[in-house]
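Have the model open beside you as you read.

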Amino acid sequence: MLRFRKRSALGLLAIRRVWSMTRSAHTASQTLEYKPIKKVMVANRGEIAIRVFRACTELGIRTVAVYSEQDTGQMHRQKADEAYLIGKGLLPVAAYLHIPDIIKVAKENDVDAIHPGYGFLSERADFAQACVDAGVRFIGPTPDVVRKMGDKVEARSIAISAGVPVVPGTDAPISSLQEAQEFSNSYGFPIIFKAAYGGGGRGMRVVREYEELEENYQRAYSEALAAFGNGALFVEKFIEKPRHIEVQILGDKYGNVIHLYERDCSIQRRHQKVVEIAPAAQLDPHLRDRLTADSVNLARQVGYENAGTVEFLVDKHGKHYFIEVNSRLQVEHTVTEEITDVDLVHAQLRVCEGRSLPELGLKQDKIRINGYAIQCRVTTEDPARGFQPDTGRLEVFRSGEGMGIRLDSASAFQGAVISPHYDSLLVKVIASGKDLPAASAKMSRALAEFRVRGVKTNIPFLQNVLSNNQFLNGTVDTQFIDENPDLFNLKPVQNRAQKLLHYLGHVMVNGPTTPIPVKAKPSPIDPVIPPVPLGEPPVGFRDVLLREGPDGFAKAVRAHQGLLLMDTTFRDAHQSLLATRVRTHDLKRIAPFVAHSFNNLFSVENWGGATFDVAMRFLCECPWKRLQELRALMPNVPFQMLLRGANAVGYTNYPDNAVFKFCEVAKENGMDIFRVFDSLNYLPNMLLGMEAAGAAGGVVEAAISYTGDVSDPTRQKYSLDYYLKLADELVKAGTHILCIKDMAGLLKPDSGRLLVGALRDRFPNVPIHVHTHDTAGAGVAAMLACAEAGADIVDVAVDSMAGMTSQPSMGAIVACTKGTKLNTGISLEKVFDYSEYWEVTRGLYAPFDCTATMKSGNADVYENEIPGGQYTNLHFQAHSMGLGNKFKEVKKAYAEANKLLGDLIKVTPSSKIVGDLAQFMVQNSLTRAEVEERADELSFPLSVVEFLQGHIGIPHGGFPEPFRSKVELERGKTLHIKALALGDLNKAGQREVFFELNGQLRSVLVKDTVAMKEMHFHPKALKDVRGQIGAPMPGKVVEVKVKQGQQVEKGQPLCVLSAMKMETVVNSPLSGTVAKIYVTADSTLEGDDLILEITE
């Protein structure tokens, strides 16, 4: 190599001639004349291949891709003008290392030049030489320079001769563990192994203690061999907490070398760069000058041409040490391009064609730094599990974009399959700004826009890095990640849409999976209908209503002597006891008997509430037809329904005109009395329902939802005065009847006397109707007390459908009032006949009967205040989920959830909100204090969030604070989902289910549980079996280090897994004997696949 220290104008021409002669002598295949490139092959895959293809297309150069058998569906294959298979029958990585195949494809398809990308063969001198020998240009340094720079020991020697400081290390690649031991004896620990013929963190291991030396030597050698085809290593003294600074260089065939300033690559894990910054922040200008000058001098020392990177470590004293030269394009070249406005791939191609740097406008004095750029490598790794690679199918991919954002990717698209065979890089995100904080802000915004579902990514970790003050101040070193454990406090992604699609897909493939916790069979006995007299049924209270209208009806009720009853058997009773599953068929059969035998009932409740929901979802019946048919069979008894105010019969607010129209149509089809309530006693919602029912011509029964205990002076949120004031408003609004709706059965006899007595005194002319549940067993006593205090009507259910979470017994009330001023006028014998029918009918619904899991009521309802119907449902759900023995915890959590939400009135839908929060607390083992403390980070059930947003109204006393302010209230989150198609069964026992989500095509893979029973799969390790060792990540078994029957100690290596070219040692979690081994070398495993079993 000729080196010229003086370049006078007179000597310039001679120098160029000598240089030309020297270069010609160096390799006969190179000339200094310009020779255009017409076709370029990229001997690589993924995003770097696409990056080069794009540059070629911009320059009018045709492109050729090569791909392995495993990469048939990869995007780089589709982006090229031509694509050819290489390495048929070889392992995935070996295919891209097979030089003969690559050269063969190049020669057969008239390729002018090959770009090696990074990794694989990019730093293999034998590959560069093979290209030259085949008459194909290698887009990079000459083979000799690649050899010198690729051999890190020789590169160190060259650096020393160029006056560049180096870290103490071996003079040549070591060939044995003994040499590594000798080096450590001389220089002490820590030391670092490095692959002699490659970079990127592969084959790089830090050793801090003598005991770790052998294992790390073997792992480094194995990784280097797998990644670069050569396991040679050299050893260096490891410098603690340095900055990793690298300088981008660019040379041409004429001896011109320039630098494009530096990049800070200090943020690393496993010696792989995670975030790169250009230029390096807080870097002393004099140090920058020394780094760039040393880099250029070193490049000139070897006659470097094309792009390359000189890497340094900078210690805490500002001293820099040469590490290596990467004689290729770096992954992070993007940030240099952004701050210098130089397209490095364009420059590589033009230099290879024979252009000089000055011809390309690339002179050192014209290279300027413009702002800052950051690159984040978004990888399919799980930071919460030590960055274990994750594999699978990208079910969703949506990237962040916008001003100042550049994306370089290949496999980042919906439906792409991330395999364990290659690097875990998904997409490179590059952000540019006028300074480091501006670039960081853009990057944070872009990462927040990403939506990646199907595999884990490091995005939450990257977001934590970008918000770290040390990072923003530009003072990071290579120990940054290790010394900031808070970076691993990852905010969980909600993933609501995809979870919902998976659930829907599972139902579509495998059917509904609601477990029934009992094996009870429907009774084979058909119920016998009691005798019904011939002719029309006798006159009843409905005749009064039809004759005198709602006002006259209310007066007749108030003037009636004795206690009136409303029968809930046709709705609320079977909702509470049989999950609302009773069919119209069974209701119709007994309806004529009721019309003839109980004509003096105040009403029959048979519609509204959960009737609509269950009739359509589970019974596949029309609720309107039920109403019409029952009306025809019972023309004399008033029908009553439950109307949830502005919610009608649903669980959310409806437009006013919809509620009005619903009431109008309900009245036309036979409904008479509308019990209007709001779960929070929110007056605006109630007034809307009352107005709608009144406008339809119905009887308006405004219901006050009851909670608490008016007789307890210590509980005054819902005091007697509160209920009286609410009643004033309802009577003022024109209600025909005033109702007390005690959903949880909390109204004790004394409380009933106090409340009903006060209402009767204040409203002597308004009928009072009381509804309760008998959960605690005191329902009959409470209703009798209310009747004695002035109530006109109480709710009951026929005896065989009464008690527990249903209403009090009809027979008990009839018997207790017989012969008194409260006499109901109902025949007790007819009640017995009625009850016998329902006792047998109830057996037809045995799988849904609450008595399957619940044997009695419970007075603890006075503490937890769970409404009757919900009490049954919660008990059933607890048994369904295998939590039957924890129902006591569920009830306690319900009480705590109620306190968290501010002590609500608990009626549908507010009771559901409390129940959802209670189950959320039990499932996640959260106490009330923990929920309050972590409210700003927990993902609460949607019903809880919507309640705090005010969706169902404003609770008495306002929303609970500070709980409400801490919960993240997301508005405007509506998912529009349409099921499209169900795919065929694949080899993994899965079916692809297609949806349209918010107008975009989505699909999920769902396991077909029936088909999988006939297919063979590798067994999974059971987490609750101590001796079963599972794969910590998907990957390939490199080595099994134990044998069956062998004794192993806790912490002893069992096997080595390789995924994405990184190796992981699986150690024994216990001491014992290897009972059985389920894998062999080269076995391909999924996460949690069983590796072996150990018996203690």
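Helix H9 (residues 177-187) packs against helix H10 (residues 213-228) at an angle of about 125°, and their axes are 10 Å apart. Axes here are lines fitted to C-alpha atoms, for helices over the stretch in contact, and angles run from 0 to 180 degrees between N-to-C directions. That angle makes H9 oblique to H10; angles under 35 degrees count as roughly parallel, over 145 as roughly antiparallel, 65 to 115 as roughly perpendicular and the rest as oblique. On the H9 side, Leu-177, Ala-180, Gln-181 and Ser-184 meet Leu-213, Glu-214 and Tyr-217 of H10, where contact means heavy atoms within 4.5 Å. The residues of this contact divide into four nonpolar, two polar and one charged. In this grouping, Ala, Val, Leu, Ile, Met, Phe, Trp, Tyr, Cys and Pro count as nonpolar, Asp, Glu, Lys and Arg as charged, and the others, Gly among them, as polar.

A word on the source: this is a predicted model, in which local features need pLDDT of at least 70 and side-chain atom pairs count only at pLDDT 80 or more, while totals for chains, interfaces and linings use all residues. Residues are numbered from 1 along each chain as its sequence is written, and side-chain values use heavy atoms, with hydrogens and water left out. Helices (H or I, at least four residues) and strands (E, at least two) are DSSP runs, numbered from the N terminus.

Val-780, Met-783 and Leu-784 in H27 meet Ala-812, Ile-813, Cys-816 and Thr-817 in H28. By class, this contact has six nonpolar, one polar and no charged residues.

Now to the strands. S31, S32 and S33 form an open sheet in that order, with antiparallel pairing. Strand S31 (977-985) and strand S33 (1000-1007) stand at the edges with a single partner strand each, so one side of each has no neighbour in the sheet. Neighbouring strands of this sheet are turned by 25° against each other on average, direction ignored. Helix H17 (residues 496-510) lies across S31, S32 and S33, running at about 55° to S33.

Elsewhere, strand S21 (residues 425-433) is mostly covered, as eight of its nine residues are buried. Buried means under 20% relative accessible area, exposed over 50%, partly exposed in between (1.4 Å probe, protein chains only).

| Strand pair | Bridges | Bridge partners |
|---|---|---|
| S32 (residues 990-997) and S33 | eight bridges | Arg-991 and Val-1006 |
| S19 (residues 405-409) and S21 | five bridges | Leu-407 and Val-429 |

Finally, two single residues. Is Gly-117 buried or exposed? At 1% relative accessibility, Gly-117 counts as buried. Gly-117 lies in the loop between strand S4 (113-115) and helix H6 (125-133). Leaving out residues up to four places away in sequence, Gly-117 touches Asn-44, Ile-48, Ser-122, Arg-328 and Leu-329. Asn-898, found in helix H32 (residues 887-900), counts as buried at 6% relative accessibility. With residues up to four places away in sequence again not counted, Asn-898 touches Glu-865, Asp-903, Leu-904, Lys-906 and Val-914.

Note on methods: Pairing = 2+ DSSP bridges.
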